[in-house]
There are 2 protein chains.
Amino acid sequence: MTALWAIVLCGALSILYAIWATASVMKSDAGNPRMQEIAAAVREGAQAYLKRQYMTIGMVGIVIFALLAYFLGMLVAVGFLVGAVLSGAAGFIGMNVSVRANVRTAQAATISLAGGLELAFKAGAITGMLVAGLALLGVTIYFAYLTQFLGLGANSRTVVDALVALGFGASLISIFARLGGGIFTKGADVGGDLVGKVEAGIPEDDPRNPATIADNVGDNVGDCAGMAADLFETYAVTAVATMVLAAIFFATSPLLVNMMTLPLAIGGICIITSIAGTFFVKLGASQSIMGALYKGLIATGVLSLVGVAAVIYWLIGFGPLAGVKYTGMALFECGVVGLAVTGLIIWITEYYTGTDYRPVKSIAASSVTGHGTNVIQGLAISMESTALPAMVIIAGILVTYSLAGLFGIAIATTTMLALAGMIVALDAFGPVTDNAGGIAEMAGLPKEVRKATDALDAVGNTTKAVTKGYAIGSAGLGALVLFAAYNEDLKFFIANAAKYPYFQGVLPDFSLNNPYVVVGLLFGGLLPYLFGAMGMTAVGRAAGAIVEEVRRQFREKPGIMQGTDKPDYGRAVDLLTKAAIKEMIIPSLLPVLSPIFVYFAIYAIAGGGAAGKSAAFSAVGAMLLGVIVTGLFVAISMTSGGGAWDNAKKYIEDGHYGGKGSDAHKAAVTGDTVGDPYKDTAGPAVNPMIKITNIVALLLLAILAH
Amino acid sequence: MTALWAIVLCGALSILYAIWATASVMKSDAGNPRMQEIAAAVREGAQAYLKRQYMTIGMVGIVIFALLAYFLGMLVAVGFLVGAVLSGAAGFIGMNVSVRANVRTAQAATISLAGGLELAFKAGAITGMLVAGLALLGVTIYFAYLTQFLGLGANSRTVVDALVALGFGASLISIFARLGGGIFTKGADVGGDLVGKVEAGIPEDDPRNPATIADNVGDNVGDCAGMAADLFETYAVTAVATMVLAAIFFATSPLLVNMMTLPLAIGGICIITSIAGTFFVKLGASQSIMGALYKGLIATGVLSLVGVAAVIYWLIGFGPLAGVKYTGMALFECGVVGLAVTGLIIWITEYYTGTDYRPVKSIAASSVTGHGTNVIQGLAISMESTALPAMVIIAGILVTYSLAGLFGIAIATTTMLALAGMIVALDAFGPVTDNAGGIAEMAGLPKEVRKATDALDAVGNTTKAVTKGYAIGSAGLGALVLFAAYNEDLKFFIANAAKYPYFQGVLPDFSLNNPYVVVGLLFGGLLPYLFGAMGMTAVGRAAGAIVEEVRRQFREKPGIMQGTDKPDYGRAVDLLTKAAIKEMIIPSLLPVLSPIFVYFAIYAIAGGGAAGKSAAFSAVGAMLLGVIVTGLFVAISMTSGGGAWDNAKKYIEDGHYGGKGSDAHKAAVTGDTVGDPYKDTAGPAVNPMIKITNIVALLLLAILAH
């Protein structure tokens, strides 16, 4: 009980930090009236979009809430609600801070680079801390409510189901937000660039381009709100899955409650270390922005090492643990592996997307021979970039499993995700600086200001790529934990078939010899491909609509190009809002419905009865792994590849291979355009889709048990 | 014994057909001296390349031969030699016919379209029949030699190992030929287009382009010899794996020999139906070339239905089979499923790559807004195109497994591959017509001739795509059969651990709960990505070298562009030969060495001993499935996507969206360039890499057993 209170306190601390930081951002200078006018347009667009998005998700949510309440009871349905509302809130608040910090960052950059960095990072940190804090508070308080207030057993089915439903609520927001936000932002970006840069020959963020406000809105709803929902979900789902595993592995151990509390405690202590880390982000004498950010990240990592050790020592000790073969020390070592995996994945992603290394340089070099070779080399790099992260994840699995079995993998993943506060801070920094650059351009601020915001923006590109690598790596590991939970849950129901008669005679066979397993693997494997295809097509369609709209405005108001008439920014925002909302629905439902479809299809094909159930459970389990296996590669190749294309363009713009305007630059712009939906729509949305498939399978088990 | 002789007779029939058809091709008119001069240059280049390629493979082969002879005995090593030599021979002879038929097809097209079609298809059919015939003869005669002449038991280890080694020999040729040929052909194509079409502004196949002979050489060594080796391998490996499964499932049955003969008999009868089918290929009143080819394919399919039924009835009857729960009729139904899967995959591939349907049209439409949107839509289509073939394969597995278990899947795959003669004929038709077009252009034949060869060439593009879909689908199914063989083989060694002491105490656990299985799946999953990345990069490098060489020639001999000086075609061919040979080695060794690496790495990590062996065998098994799961999607997306890009360009060239020279056309050329290494290098080479991984694992088992 003390532990839970301490964890709640940590969560509360993150809220306090957010309030303090928000106040500190808000009292900064908001710039001149022209800047404020632009910022207001961006803010209104973003708010209007999110409102519409959440209303649509709300309708889907109400249906699911009712279904859960009917099948699994009110406590489970409320868990779903808690997850959904908090996930939405983290994104919504973060986005609201972001759309206010953008203009202030632009203003601060007129004075000094250090000031701009401080403001932008603080704004990002608000989102980061809210993601980690709200996720931790949601899971902890609801767990405490169920176990302490209602007196349910920590590993009773209702508690487990309610926690899983909480994860599902978060997942649902996350897939819609990632996909809807991703379609919005890249529809605006690709469409705006095509008609502005290519056709009209005006620079990016030129105020004459009717799509430019929409582009800035997109940064906030995609990179900020979408990312926040995504990591909220991974954080909550991983904590929940680790708790479920603890509930199963330590069911009869005196350590049960402490073991279930452990993932929450790790989350709690790492919020403190993340907040502490934010104060290490300071521009040094070298003026290296990336260096300043890394200082904060490294400080958080080192402090977390100590913190996690303390928490484990306090809750379970370093010695042998009752009922299992490993020690508390081994679990700590698993935590260290989690931190090491984080560090390695960040380093590898930077290697593949940074302008200082072979991959990006090779894409830039291949741009000299044209659009085609740029894309070929970019695709080659995108595929190659999957190998090392996969090897790191493989090594992580092998080491932690040998240290402490499946629970070791879970603790490593939990520790990895406990840093989410700091990592989201790095990521949410990106859209703020991106917007600040846009506002500086549109408001006609002096060139030096744009130079400062450009420097911040370039670093934002790298941090965005790096965070995506982290998000996907952790999602892959998190999904393995979820698969373990599915498997253990299934075992539990079968062992207690007397109480859960549906499972009578069920004998799932997860062996690769079982053709239903092969079928499940293949079916799971195709989901990320189909989902990715839908995401890419949606961006293409949305961008096409924007191109038409902008052409129409240029045609009907010739004064826009002369600067004598104002473009109608609102229409572009409105059009994209509708397109994104419409396009996000079907792909989002794909992972929700797939496990249910596979279960009942295989059940019928295998002849029904206990044999049919066994075959169907095996196929669904295999499908969960199939979706991870291809999903991991699809997601990493898309996000790293997209980042590499983006920075290859920047590398050329820095004066290599003829610089801006050269033929190589034109080819690099093509690569960047291709990379846009890769890295910001389809790729990152694979994350939540992997986990949603897993979590729906867990809920399906619970529903069938009833 | 009678059956084996009958099968050998069928194989001999294919050789007779090839001899007859070759004579008939050779006596056609070889055109005017200018055409013959060009054709001679192409022929010399192709022969020089293949000679060098086979010498390099020979050196690798000698090492492997020695290793096999040392570890597994001379009979096994000779099996390897038989597979390698015959696979190489099929490609070599086919290519030699192809480089003679090209100029004759061009000449025939000066008289009539029907004549051109007849000649080109006959040339393709020679390669097709040789592939099926030599593969069948190799497996059958060596099997007969071992069992009848040497008197070894049909399911003795030596026979099984020797057959597996035969498959390995074929695989080794196939991966080198696919990759080396693919790098050559696309290096020439991409490089030649970049510097010719884009920089110098001269049309494709213009004799002033020094890379143009290399481009025509590439068609022959890549699409003809490479494809032949690939399907030879799939054919041989599937027959062998089905025989191995029969040896295991029917070990104690009186039907043993007949069951092991069955896959060979199905192959034999389908050679006859394929030869019969070639005579149905006739240009009808509608002048539809595709229609004429489909007539032949459909005739072969229908005749095969009857033939397979007859063979099954003759060898094992339609009634219940001793020792298993299914009937001969069920096995026939599995054969029907195999034919249905072939038909469906061909139909789906045509949908995704044909100019009449949504996918290609959508890529063409997206070209209007530029290079970026063309590539985005192409990538979306490439990802989407994996879903339906995967579903067909899933359905095929489910149906055949429920009919006759694992052996049912094997029989379906065998039947699917028995059509290889006809399918390769359709494919090998492509490079002949492609070359014919090139020769017509370079020899300055009248426009009408070029129009006829272009019509043939466009159909060749579709048949090439369709065949690749078939090759990959069958490879995916074939690999499942190989995995089953691995698994059954392992069970056999463990059951007889007294005789094979290495397997004492080994208890592999292929369950998805086993982290070593998850690790194996992930490691297997990354191989196609890494391999694909290497293939794409190699093409980029080779193309870059060609661009430099052509630029150098243009610079040093300004007379080339004026037509007063002759380009040095030989240097481009020579340069590509060296590049392709060098670039093919490391990627080809990746699948050969990976199973060995994974086995020993996991063995060490899991602490050695019986536990280490168990973990390692589990991981290697999972790796085999991992490589299939991602490999299937990577390969289908690349080959279908590439075909769609190619035909989207053709669709625009047919006069849509502004036609040739429009901005949309330029964007479509970019997409086509990207699609080139996708569809002709990396994508198809994934095929043999999937199977080579599997077959090396089988050999590893045999070696460890010794």
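Trainee: Helices here are DSSP runs of H or I, at least four residues, and strands are runs of E, at least two, both numbered from the N terminus. Which helix gives the most to the nonpolar patch?

Mentor: Helix α1 of chain A, residues 2–26, with three residues. Before we go on, this is a predicted model: local features need pLDDT of at least 70, side-chain atom pairs count only at pLDDT 80 or more, and totals for chains, interfaces and linings use all residues. Side-chain values use heavy atoms, without hydrogens or water, residues are numbered from 1 along each chain as its sequence is written, and chains are lettered from A and ligands numbered from 1 in the order written.

Trainee: Which residues make that nonpolar surface patch?

Mentor: A:Leu13, A:Leu16, A:Ile19 and A:Ile272, about 350 Å² together. Patch residues have over 30% relative accessible area and no salt bridge; nonpolar side chains (Val, Leu, Ile, Met, Phe, Trp, Tyr) are joined within 5 Å, like charges within 9 Å. Areas come from the Shrake-Rupley method with a 1.4 Å probe, and for residues only the protein chains shown count as cover.

Trainee: Is A:Leu16 buried or exposed?

Mentor: Exposed, because its relative accessibility is 54%. The cut-offs are under 20% for buried, over 50% for exposed, and partly exposed in between (1.4 Å probe, protein chains only). A:Leu16 sits in helix α1 of chain A.

Trainee: And inside? Which residues touch the most other members of the largest nonpolar core?

Mentor: A:Leu331, A:Tyr486, B:Leu331 and B:Tyr486, in a core of 557 residues. A core is a set of buried Ala, Val, Leu, Ile, Met, Phe, Trp, Tyr and Cys residues joined through side-chain atoms within 4.5 Å.

Trainee: What does B:Tyr486 touch?

Mentor: Leaving out residues up to four places away in sequence, its contacts include B:Phe510, B:Phe617, B:Leu624 and B:Leu701. Contact means heavy atoms within 4.5 Å.

Trainee: New topic. What rotation superposes chain A on chain B?

Mentor: 180°, with 0.0 Å of shift along the axis and an RMSD of 0.0 Å. That is the relation of a two-fold axis. In chain A, the C-alpha nearest the axis belongs to A:Ser511, 2.0 Å away. The superposition is least squares on C-alpha atoms of residues with pLDDT of at least 70 in both copies.

Trainee: Why do the copies meet through the same surface?

Mentor: Because 100% of the interface residues of chain A are also interface residues in chain B.

Trainee: Salt bridges next. How many over all chains?

Mentor: 56. The test is a side-chain nitrogen of Lys or Arg within 4 Å of a carboxyl oxygen of Asp or Glu.

Trainee: Which residue does B:Asp676 meet in a salt bridge?

Mentor: B:Lys186, at 3.4 Å, N to O. B:Asp676 is in helix α19 (residues 663–705) of chain B and B:Lys186 in helix α5 (residues 157–200) of chain B, so the pair ties together parts 490 residues apart in sequence. Both are buried.

Trainee: And where do A:Lys491 and A:Glu488 lie?

Mentor: Both are in helix α14 (residues 447–495) of chain A, three residues apart, about one turn. A:Lys491 is partly exposed at 44% relative accessibility, whereas A:Glu488 is buried at 9%.

Trainee: Which residues are linked in a network of salt bridges?

Mentor: A:Lys186, A:Asp189, A:Lys468, A:Asp646, A:Asp676, A:Lys679 and A:Asp680.

Trainee: Last one. Is A:Asn374 buried or exposed?

Mentor: Buried, at 0% relative accessibility. A:Asn374 lies in helix α11 (residues 371–384) of chain A. Its contacts, beyond four places in sequence, include A:Ile363, A:Trp645 and A:Gly671.
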